[in-house]
Amino acid sequence: MQLAARMSRIGIESAFEVLQRARALEAQGRHIIHLEIGQPDFPTPAHVKEAAKRAIDDGWTGYGPTPGYQDVRDAIADYISTTRGIHVEGDNVVVVPGGKPVMFFSMLAVLEPGDEVIYPNPGFPIYESVINFLGATPVPVPLVEERGFSFDLDVFASKLSSRTKMVVLNSPANPTGGVIPREDLARIAALLRERDVLVLSDEIYSRICYDGEPSSITQFDGMLEKTIILDGFSKTYSMTGWRLGYGVMPRWLVDAVDTLMVNSNSCTASFTQRAGLAALTGPQDDVDRMVAEFRRRRDVIVSGLNAIPGFRCSVPAGAFYAFPNIVGTGLPSHELAEILLHDAGVACLSGTAFGAYGAGYLRFSYASSLDNIQEALARIQALSARWEPVTA
Ligand code: PLP
């Protein structure tokens with residue numbers, strides 16, 4: 001028996017693979033500091049956990065409506081309308097098990113072989129994986145360190161063609177922590193407004209932003225009708241394992257995603273949705289506290305990385321990742337990541353795990369305690385005598 005040919009085109013997410021290897025080292029008695037995995041290290045807010053427990057006791061344990069409970073969809077629509085300053089309705093919302101299914105289902109619903117998809121590189125690896133899986137053509141656009149890891153807009157414009165079917169934006173971004181400036185979004189909107197393209201706007205880190213609210217492409221004239229907002233509970237409410245996310249999209253696409261949900265999940269877990277409703281409508285202090293703590297850690301990790309010979313780290317404006325340029329160490333990214341794991345016990349990811357333009361970078365998740373971060377920095381500093389800093 002052979003796997004379908006398309007299975008040779010699907011990718012992986014390295015964070016899970018490195019986590020497994022790090023755990024194997026731990027099983028041998030090594031002490032590893034985990035800076036590879038992208039999940040907040042805070043508990044889910046207490047009132048959200050309570051809402052889930054109550055929901056189970058109250059019988060929210062059966063199948064629910066495929067696109068999500070209407071009151072949950074309405075609450076999400078209110079939340080998105082308020083935070084983005086736009087107007088969307090509950091019927092524009094599909095509740096799914098995590099942010100990832102929004103990517104998967106929306107691409108599955110519209111992409112055909114020959115269609116081109118523009119996406120950020122380095123970027124979340126699942127974009128490229130699903131584009132390839134579906135036989136569409138990936139068109140990576142490099143992110144530019146000197147522009148706060150935004151696109152070079154002339155390069156972006158040059159990649160648009162009559163075959164461009166979808167454009168993926170991610171702000172704040174994984175793995176760079178970059179936030180697309182409002183004026184860049186305005187220019188992107190101007191380039192896309194008259195085209196028959198769909199934008200997948202991955203806004204999963206929208207609440208983890210250190211300099212005010214991030215802008216959304218949906219705020220620009222004519223863009224809401226052609227945009228899917230991907231958001232969810234994993235990062236904002238520290239609910240990665242609950243599997244709860246949503247897409248906000250034009251009605252015609254809601255119907256298509258609904259059909260894909262019927263064929264795959266039937267619905268998203270009922271009691272989890274009740275917990276999500278409590279998260280959105282309840283107190284937000286836990287979110288504020290988490291973001292304040294991330295900011296403290298960001299400042300420590302960025303200055304610590306900048307003190308390491310051969311490292312240069314710009315200050316990320318959002319998410320919880322530091323993405324230092326390590327060209328100055330003279331070592332390729334994957335080799336340095338291996339050395340740090342095996343010889344310093346620090347697990348991080350090679351920039352190339354996020355695409356070819358990630359070469360020369362490492363990704364450190366600072367979703368780990370300040371003590372861990374400081375210990376990791378000390379270990380890397382101690383190891384740095386191993387490489388001869390190269391001057392550019
Ligand atoms: N989008 C980006 C940019 C991410 O970094 C992640 C998770 O790491 C996701 C989407 C997926 O989120 P979820 O865990 O809710 O599926």
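This is a predicted model: local features need pLDDT of at least 70, side-chain atom pairs count only at pLDDT 80 or more; totals for chains, interfaces and linings use all residues.
Patches consist of residues with over 30% relative accessible area and no salt bridge, like charges being joined within 9 Å and nonpolar side chains (Val, Leu, Ile, Met, Phe, Trp, Tyr) within 5 Å; accessible areas come from the Shrake-Rupley method with a 1.4 Å probe, and for residues only the protein chains shown count as cover. Leucine 3 is in the segment before α1 (14–27), and it counts as exposed because its relative accessibility is 71%. Buried means under 20% relative accessible area, exposed over 50%, and partly exposed in between (1.4 Å probe, protein chains only). Helices (H or I, at least four residues) and strands (E, at least two) are DSSP runs numbered from the N terminus.

Residues are numbered from 1 along each chain as its sequence is written. Local features need pLDDT of at least 70 and side-chain atom pairs count only at pLDDT 80 or more, while totals for chains, interfaces and linings use all residues; side-chain values use heavy atoms, with hydrogens and water left out.

Around the ligand there are 14 residues, of which Gly99, Asp202, Tyr205, Ser234 and Lys235 come nearest; a residue is near if one of its heavy atoms lies within 4 Å. A polar side-chain atom of tyrosine 205 is 2.7 Å from a ligand oxygen atom. For asparagine 174, a polar side-chain atom is 2.8 Å from an oxygen atom of the ligand, and for lysine 100 a polar backbone atom is 2.9 Å from a ligand oxygen. The protein covers 94% of the 390 Å² of accessible area that the ligand has on its own.

The whole structure contains 21 salt bridges, each a side-chain nitrogen of Lys or Arg within 4 Å of a carboxyl oxygen of Asp or Glu. One of them pairs arginine 297 with aspartate 41, with the closest N and O atoms 3.0 Å apart. Arginine 297 belongs to helix α10 (residues 285–306) and aspartate 41 to the loop between β1 (33–34) and α2 (46–57), so this pair ties together parts 256 residues apart in sequence. Arginine 297 is buried at 4% relative accessibility, whereas aspartate 41 is partly exposed at 34%.

Glutamate 203 forms a salt bridge with arginine 84, the closest N and O atoms being 2.8 Å apart. Both glutamate 203 and arginine 84 are buried.

Conventions: A polar contact is a pair of N or O atoms within 3.5 Å; within protein, one must be able to donate a hydrogen and the other to accept it, and residues adjacent in sequence count only if both atoms are side-chain atoms.
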